[in-house]
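Colleague: Before we look at individual residues, could you take me through how such features are read?
Modeller: Gladly; let us open the model and begin with the terms.

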Amino acid sequence: HPSCRVLSFLAGLPNLGDGALDDEIYRECAADLDSPDHEEAAKAADALGQPRVDFYADAGARAALAAVVVDVFSLGGGDGAAAFADLASVAPLTEQSGGALYHYDTVGKGGASDAPLPRDVFRLLRAESQAHHCTMRLRTSAEFEVAAAYGAAVPDDVYPGLYHVVRCGPGDCFAFDFRHKSAAGFGRRGDCPPTAQLAFEYTALTPLPPDPATQAARYLRQRRRRVCTAQARVASSPKDVFATVDAECVVSLLTHKILATAEEKGLSEARLLLSDWLVILTSRFNHETGVARFDPKDAAAVDGAFTSCVPLQQMPRMVFALLRSTMLRPRGVQPDERTRARALARRLDPPSLSRLLYPRLSSYADVDTKAFPRHSLTRTAVTTSNGAVFLVDAFDVVVVFYAPAQPGSERASQPYPPPQGSAVRAAVNALREEREVTPRVVYIRGGAEDPSAFHDLLIEELDVDGLEGGASGFVGFLHTVESQARQFMREA
């Protein structure tokens, strides 16, 4: 049946009519959001992250039944309570109806040419890039089954393994958690590899030539089905599992599960489970590779950097970044921005989610010459690279930073901002074109403008709330994980 799309624009709280909200909860919890006690800050963040009315969830469910997709664009720009739109209460409207949630906290600031809102609206309205009335079924071989599904998929009330998706874009991603049906696992014969089959059926609008008489756009509605069958070999040992890990997929599924825990049990519990997961992974890896043993008398140093296993080497940084992220950091995060980040993360594919968590820093010798494609996210890397211009891609924000330079020097003569046609501008434009969510672009001239937007993305020098041991940054976090893993291996 036909479908339609509703674009809703909010400039602050929806405080009139059915579903009216107020900022009372924000005024009660705002002071605790910056509390030095991270437990108090986490409780305040949890309170602000819960829907306070059922109106929007009910409206989203009714919209889904009527094949109406609702997208919400929240326009910020104020400070404190004036910027609070209570998107945690509004978000179920988009989740239930298959829509998207956008939040812009810098409306009215910066150049209009870089405004992401018009681009985001344009992309959403490209009919040929969307699928509607989608059904998805995942079947597995007899040894295992689906334990949980994540993403914008709603389980069917009658048929197990069947999911409904109101709208699906080319960048949307779904994740599934599996479990064994018995203690026998996959068995030992290996004559029938574990198999999963995904069937995806949807309605698409295919562009047709314009109407000859009126030149009006025309589309053909088509019902399509795609079936994908995949098999995987069974690992012969834990070492085999470590060597074949897809780190981005693991982090993606881990993020989905931790976000579900945060909503159900709170930020503190979710952060604790995430830290424990990395400690246990580190412990098992060290035991299986012989670096250290589960033995009270073993004094061997624990390798928390997975130096002998390339596929796992990004895991500590990604967990560190997730703990530091807007989604899980208790303090210093505006509630609506947290809601937006979680809604975005639930739809992203693994590479995009990895970029959202852990930005990429590259440098340029000048605006036309790329120097190094990737640096560590530290100020030391910036000061020692001798780059003149740095570009940080954090998926939803791109920062171009000009290194401070002596007046009259060649570096100080670099054109600012980078002109059209330069390599830096070309890289920025490419990122804005390829993303389903248009990144906000910030240009900063070091030494003359506030560099905080750039420094905030150098996350390896930032602390994790609740980190034990007193060390700071990623190095301190890694030392803490290694210490906790060593203790766990002695006591387990």
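Modeller: Buried means under 20% relative accessible area, exposed over 50%, and partly exposed in between, with a 1.4 Å probe and protein chains only. This is a predicted model, in which local features need pLDDT of at least 70 and side-chain atom pairs count only at pLDDT 80 or more, while totals for chains, interfaces and linings use all residues. Residues are numbered from 1 along each chain as its sequence is written, and side-chain values use heavy atoms, with hydrogens and water left out.

Colleague: Is Gly387 buried or exposed?
Modeller: Gly387 counts as buried because its relative accessible area is 4%. Gly387 lies in the loop between helix 12 (379-384) and strand 13 (389-393), where helices (H or I, at least four residues) and strands (E, at least two) are DSSP runs numbered from the N terminus. Contact means heavy atoms within 4.5 Å, and, leaving aside neighbours within four places in sequence, Gly387 is in contact with Tyr364, Ala403 and Arg411.

Colleague: How many disulfides does the structure hold?
Modeller: A disulfide is a covalent bond between the sulfur atoms of two cysteines. The criterion is a pair of cysteine sulfur atoms within 2.5 Å, and the structure holds 0 disulfides.
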